[in-house]
Amino acid sequence: MLELYGHQVSSRLLLGTALYPSPAIMAEAITASGAEIVTVSLRRETSGGKTGGKFWSLIQSLGVRVLPNTAGCHSVKEAVTTAKMAREVFGTDWIKLEVIGNHDTLQPDVFGLVEAAKILAAEGFDVFPYTTDDLVVAGRLLDVGCKLLMPWCAPIGSARGPQNLDALRSLRGHFPDVPLIVDAGIGRPSHAATVMELGYDAVLLNTAVAKAGDPVAMASAFGKAIEAGRQAFRAGPLEARDMAVPSTPVIGMAAFS
Amino acid sequence: MKVLIRGAGVAGLTLAHELATRGASVTVVDIRRQIAGNASWQAGGMLAPWCERESAEETVLSLGRGAADWWSAALPGHVMRNGTLVVAPARDAGELDRFGRRTSGYRAIDAEAIAALEPDLEGSFTRALFFAEEAHLDPRRALLELQQKLVEMGVRFDFGYGAVHSRSADVEADCTGITGRLTGLRGVRGEMLILKTSEVALARPVRLLHPRIPVYVVPRSGNLFMVGATMIESDAAGPITARSVLELLNAAYALHPAFGEAELVETGTGIRPAFADNLPRVERDGNTIRINGLYRHGFLLAPAMAHKAAAMILGTETEKERAHEAHH
């Protein structure tokens, strides 16, 4: 079981709720994926939380836990205000904190992120910070009260998969006891399996499922890949070698020449 | 047979037309003072079932492919059959591939063919998808013209708050969209704007693909261009947000820089009625028939839904239609 801010989950997939062909397909995909946590954008999906009640009640009916996010916020103030609104609307202290630094690439503004995380953690929020794979920023986020980290593995929506495995390994190595969730950049189940094999605790994704040819089937594929990656990590993957090693004794050949 | 239709949007008017042409006595009532301003009024007016297949189910294509013919027959001269052009900025070329994989009924064309179709887009895009069978109309002119035609056919119209109180009819048809408050119905907010410029001319709707903000530009007479539309899970009908204006204008500007100099003559917000599967329904409940859930496909799917509802009302539905109904 994975524990996130005192809450135990058995699925290591967190799924976004945007961009699906219809809410019915979204609901089916969530169920097929086995995800127990879904992210919801207060701003873009519910128009500032003013209404959007039907969509919200459909998500509630799935019995999953909601992780509201601050998608679309470009400043500390905006992100903090949105987080507070999300707490009111969704009735949870959980917040996926996004402070966007570049409108075009949606790259996180890590300076604003640390500042906003500090304010929100002090106000009792359970902050899930969407960050880059930078080790120093990760340390600062933990210093200001985050109990877990959500590094990207590639730019959001790019579907490129892990771009810097060394950075991801380094984060895992430096923070062995902090839940690490890869958020953003996953395109295929094999990408998700790769980061899970590195020992990451969970994966958060949205576009790769929502915009797949068959979102429900892809959600199920991701669920399986993430479980496989986790199991492989626990089983201890074999180290890679530079050359072939026969698995049976080589008799009658000059094996040591 | 006396039929009372509640709602003078595209669903109500197409149903009135189906019923009146078959000899029913039809009255249309609407709580609004006039047709202008409802969700249909804010529509793009694209009759583009092949493009819509990108995010919609097969049903939308099968129900919508006859729409252009229906509108041409009902309102001769209103339908422009120039197809749809789908383009993407160079950096989002992958979106064009994805769109092509999910749809059919198009030709992949190059820069030269783009320039031949839309001279004003020459040099802006190296490749595009051309959906030659698609069509479009001006939804506002179509609604007003259809109302006028219905009046001439003897259909009564009654507008305003006082009009909607109950009155005698053999059958009532509820075509009130999001105001119908049906179980399972939700609102999907759509925002659009209208630009006016004589510096750009387009012969057909152009869809500009983008991973986050897909936008279409539909040419209308009088140098007008409708730019739409946002899709927000909300039934809040308030004014368009600054962000939505920015995104829509940005996309229009990306399509052609001259849109930067256009006059922004109107912004609008409409609430699309949708069920969870984003597919429309015709339902019967005693003497009441309901057409709802047309979502973003009002002008595209209203004819097929009206045809189905009229058959239910007049008792002329085929065995196949009945079986289909039972299936739902």
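Modeller: Buried means under 20% relative accessible area, exposed means over 50%, and partly exposed is in between (1.4 Å probe, protein chains only). Before we go on: this is a predicted model, where local features need pLDDT of at least 70, side-chain atom pairs count only at pLDDT 80 or more, and totals for chains, interfaces and linings use all residues. Residues are numbered from 1 along each chain as its sequence is written, chains are lettered from A and ligands numbered from 1 in the order in which they are written, and side-chain values use heavy atoms, with hydrogens and water left out.

Colleague: What makes Glu172(B) and Arg6(B) a salt bridge?

Modeller: A salt bridge is a side-chain nitrogen of Lys or Arg within 4 Å of a carboxyl oxygen of Asp or Glu. Here the N to O distance is 2.9 Å, so the pair of Glu172(B) and Arg6(B) passes. Glu172(B) sits in strand S9 (residues 171-174) of chain B and Arg6(B) in strand S1 (residues 2-6) of chain B, so the pair ties together parts 166 residues apart in sequence. Helices (H or I, at least four residues) and strands (E, at least two) are DSSP runs, numbered from the N terminus.

Colleague: Why is Glu172(B) called partly exposed?

Modeller: Because Glu172(B) has 23% relative accessibility, and that value falls in between the two cut-offs.

Colleague: How do you know that Glu123(A) and Lys84(A) meet in a salt bridge?

Modeller: Their N to O distance is 3.5 Å, and the rule asks for within 4 Å. Glu123(A) is in the loop between helix H5 (110-122) and strand S7 (126-131) of chain A, while Lys84(A) is in helix H4 (residues 76-90) of chain A, 39 residues apart. Glu123(A) is partly exposed at 36%, and Lys84(A) is partly exposed at 36% too.

Colleague: What makes residues of chain B count as in contact with chain A?

Modeller: Contact means heavy atoms within 4.5 Å, and 22 residues of chain B are in contact with 22 residues of chain A. The area buried between them is about 1900 Å²; that is the accessible area (1.4 Å probe) two parts lose on being put together, summed over both. In chain B, Arg212(B), Glu233(B) and Arg243(B) lose the most area to chain A.

Colleague: And how do you know that Cys73(A) is in no disulfide?

Modeller: A disulfide is a pair of cysteine sulfur atoms within 2.5 Å, but the nearest cysteine sulfur to Cys73(A), that of Cys146(A), is 16 Å away. Cys73(A) is also buried, at 0% relative accessibility.
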